[in-house]
Amino acid sequence: MKLRPFALALLALALAAAVLLGYEFYWRLDHRLLKTQAPAPGGALVAEVRGLPVGQELALRGTGVFVRGRWDYLRALRPRLVFAGDCETVETRWFGDHRLVIECEHRSGEPRLLQDMVDGVVIELVVNRRFA
């Protein structure tokens with residue numbers, strides 16, 4: 001049986017695509033989307049509120065906010081986590097193309113802003129503490 005290089009290249013490409021899609025599917029299951037995506041007014045960036053998996057590095061848990069480009073459909077390849085905290089509610093609001101405000105109704109622990117600037121966008125954190 002003679003194997004042709006073109007057929008092997010197609011097989012390798014199909015296998016790589018299957019592994020990439022499997023990894024993306026697993027990442028999206030592990031980081032479930034909690035709210036609808038919030039696109040910037042200019043449409044270049046999108047903020048996503050997602051759940052964080054238990055036992056993730058840096059002892060992060062609860063809710064996270066990821067910022068991605070509008071056309072970055074493979075989120076698992078380059079996730080940019082900008083906020084992590086254990087919050088009752090998390091709201092993301094864009095004020096123009098270059099300012100994102102994350103509002104967290106604090107439940108426990110200490111919410112953390114992990115990056116204060118991504119792709120020229122200033123990210124601000126507003127924490128509303130609830131006392132029993």
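Predicted model: local features only at pLDDT ≥ 70, side-chain atom pairs only at ≥ 80, totals over all residues.

## Arg50 and its surroundings

A polar atom of the Arg50 side chain lies 2.5 Å from the backbone oxygen of His31. That's a polar contact, meaning a pair of N or O atoms within 3.5 Å; within protein, one must be able to donate a hydrogen and the other to accept it, and residues adjacent in sequence count only if both atoms are side-chain atoms. Arg50 belongs to strand β2, which covers residues 45–51. Helices (H or I, at least four residues) and strands (E, at least two) are DSSP runs here, numbered from the N terminus.

Is Arg50 buried or exposed? With a relative accessible area of 4%, Arg50 is buried. The cut-offs are under 20% relative accessible area for buried, over 50% for exposed, and partly exposed in between (1.4 Å probe, protein chains only). Leaving aside neighbours within four places in sequence, the residues in contact with Arg50 include Trp27, His31, Gly62, Phe66 and Arg75. Contact means heavy atoms within 4.5 Å.

Residues are numbered from 1 along each chain as its sequence is written, and side-chain values use heavy atoms, with hydrogens and water left out.

The pLDDT is the predictor's confidence in each residue, from 0 to 100. The protein averages 85, and 90% of the residues score at least 70. Confidence is highest in β2, at a mean of 91, and lowest in β5, at 85.

## The disulfide

How many disulfides are there? The count comes to one, taking a disulfide as a pair of cysteine sulfur atoms within 2.5 Å. Cys87 and Cys104 are the partners, with an S to S distance of 1.9 Å. The pair links distant parts of the chain, 17 residues apart: Cys87 sits in strand β4 (residues 81–94) and Cys104 in strand β5 (residues 99–113).

The link is left-handed, with -95 degrees about the S-S bond. Cys87 is buried at a relative accessible area of 4%, and Cys104 is buried too, at 0%.

Val90 is another residue of strand β4, and it is buried at 3% relative accessible area. Not counting residues up to four places away in sequence, Val90 touches Lys35, Val49, Thr63, Val65, Phe83, Ile102 and Glu103.

Glu105 itself lies in strand β5 and counts as partly exposed, at 26% relative accessibility. With residues up to four places away set aside, Glu105 touches Cys87, Glu88, Thr89, Asn128 and Arg130.

## Rings

A search of the whole structure turns up two aromatic pairs. Rings of Phe, Tyr and Trp (its six-membered ring) pair if their centres lie within 6.5 Å; planes under 30 degrees apart count as stacked, over 60 as edge-to-face and the rest as tilted. Trp27 and Phe66 have ring centres 5.5 Å apart and planes at 80 degrees, so they're edge-to-face. Because Trp27 is in helix α1 (residues 5–30) and Phe66 in strand β3 (residues 63–69), this pair ties together parts 39 residues apart in sequence. Trp27 and Phe66 are buried.

The rings of Trp71 and Tyr73 are edge-to-face as well, with centres 6.1 Å apart and planes at 70 degrees. Trp71 is exposed at 58% relative accessibility, whereas Tyr73 is partly exposed at 48%. Elsewhere, the charged end of Arg99 sits over the ring of Phe95, 5.0 Å from its centre; the rule asks for NZ of Lys or CZ of Arg within 6 Å of the ring centre and within 35 degrees of the ring normal.

## Around β6

Val118 is in strand β6 and is buried, at 5% relative accessible area. Leaving out residues up to four places away in sequence, Val118 touches Leu45, Val67, Arg80, Val82 and Ile123.

Asp119 lies in the loop between β6 (117–118) and β7 (121–129). It isn't a glycine, yet Asp119 has a positive phi of about 50 degrees. Asp119 is exposed, with a relative accessible area of 55%.
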